[in-house]
Amino acid sequence: NYENVKGLIMRKLSILALLALALNLQAVTMSELFNAIRKQPTTKIDEISSKMAKIAGQRVNAGYYPVLNLFANYTHYNSPTNLRPLDPIASGKLMTQNQPLPFAQTIQKIGVGATVPVFIKELGDLSDKARYLAKSANLKKELNFYQNEALVLGANANLEYLDNLLLSLKTTRQSLVKSKEDLQISVDSGRAPGIALDKIDERINQIDISINSVKIKKTSLLSNMENLTGIYLQKPANMELVSHVKKGKIFALKPLQEVINASISDFKASKAKRYYPKVAFNAMWSENYAQDDVRYGKSVHEGYGYYQLGVSMPLYNRGEDVDIQLKQIAIMKDRMKLAKTERELKLEAKSLQRNLKLLDKSEKLKKENIKKNRDLLKYAKVAFLEGRMIEEDYLGYEDRLLSAKAAYYETKSQKWQDIAKLAVIYGNDLKGVVR
């Protein structure tokens, strides 16, 4: 009875372990992989960069606000000094009335100062520059995410290709092992030379080398995928095309265009700083104290302040003039580079669209080619074992079937990668394209 109960418990534990393993090995979906990208450090860094660019705009706009300062000081001079400017008439009047004079060697001051910008032409252009840079950073963040999605899709497609290639290699190996077993009978009976077995063994060894090479590539690919998503895949995610890439303006150019807009605003700001006056309002008030005036040694308290509307106008600065010319030339250069990049991306997009049509056709043809080579291999294997075909020709049929499968899976992988590239160019979120 004890043994029965123990056996029942062990069986249940085994079932639970198998269920846990099945859940652990459950395939990850493409949506889960795409969502995982947002949690990775690369995406977080882009989000922080975008926030920093936005705050930089606030820093420029702060130039429109007044600056207020509170000050206090304790100063001892080597000779009596005035607490505030005092004209001779006022000084004489104080002396006539036997009032303490506002002069002392030790003075304490406490007060407040303010500077209010009234007209600073370049602030508007600098504000535009910051706004364009913030927009560029946000677009760059979006573009980087699309690029990472494309990398994940491409890596998953390559992983699927390697898995299928491994399966094909193992299938070919099994076929060769079966042929070797059948051939062994002929060798043992003297109807076939022993060297025939050596040739098959050599081909099996080549297959084993290829399997090991593919496993090494797969290990590297899995590491890259984990770096992009934080997920270690047990097997590639299933992929299904649910929508074609939506064409439109070249999204990849948008961050670059905003950078050029920012450069233009910076150029305008430099010109404004160089050729326009600045107008500012300044004000100050302080309460000044002294314990011993120069005449009676009495305490003195005087308030003193001013307000000022000032204008400053730049007249000549050769260095700034040269800087303005350099910025203008740099904008022309950036525009030419943008036009070059736009042309390259448009041509690449056209090429990818043509390739996708050709790859669709190639996929169908190569799938049919696999079927034909599989049928030919069946006939070749029978003919070889019956002695109607030499070994090299039979092994050639094995190689052709393996090559046909590899070419088919490579075409499927290339198709997914081209879709990913096209999605990046046009700024498509792959979650809406691939499921």
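Predicted model: local features only at pLDDT ≥ 70, side-chain atom pairs only at ≥ 80, totals over all residues.
I took helices (H or I, at least four residues) and strands (E, at least two) as DSSP runs, numbered from the N terminus. Residues are numbered from 1 along each chain as its sequence is written, and side-chain values use heavy atoms, with hydrogens and water left out.

**Entry: pocket**

I searched for pockets on a 1 Å grid over the protein atoms alone, a pocket being an open set of points where a 1.4 Å probe fits, with protein on both sides within 12 Å along at least five of seven lines, and lining residues having an atom within 4 Å of a point. The largest pocket came out at a volume of about 280 Å³, where volume is the space filled by probe spheres set on the points. I noted 13 lining residues, with His 244, Lys 247, Gln 353, Leu 356 and Leu 422 lying nearest the centre. Helices α8 (318-385) and α9 (391-426) each give the lining at least two residues, and α8 contributes the largest share, which is four. I sorted the lining by class and found six nonpolar, three polar and four charged residues, counting Ala, Val, Leu, Ile, Met, Phe, Trp, Tyr, Cys and Pro as nonpolar, Asp, Glu, Lys and Arg as charged, and the others, Gly among them, as polar.

**Entry: salt bridges**

I then looked up salt bridges (a side-chain nitrogen of Lys or Arg within 4 Å of a carboxyl oxygen of Asp or Glu), and the structure holds 20. Asp 266 and Lys 129 pair through their side chains at 3.2 Å, N to O. Asp 266 belongs to helix α7 (residues 254-275) and Lys 129 to helix α5 (residues 122-188), so this pair ties together parts 137 residues apart in sequence. For accessibility I used buried for under 20% relative accessible area, exposed for over 50%, and partly exposed in between (1.4 Å probe, protein chains only). Asp 266 is buried at 16%, whereas Lys 129 is partly exposed at 25%.

Next I checked Lys 199 and Glu 392, whose closest N and O atoms are 2.5 Å apart in a salt bridge. This pair links distant parts of the chain, with Lys 199 in helix α6 (residues 195-229) and Glu 392 in helix α9, 193 residues apart. Lys 199 is partly exposed at 31%, and Glu 392 is partly exposed at 42%.
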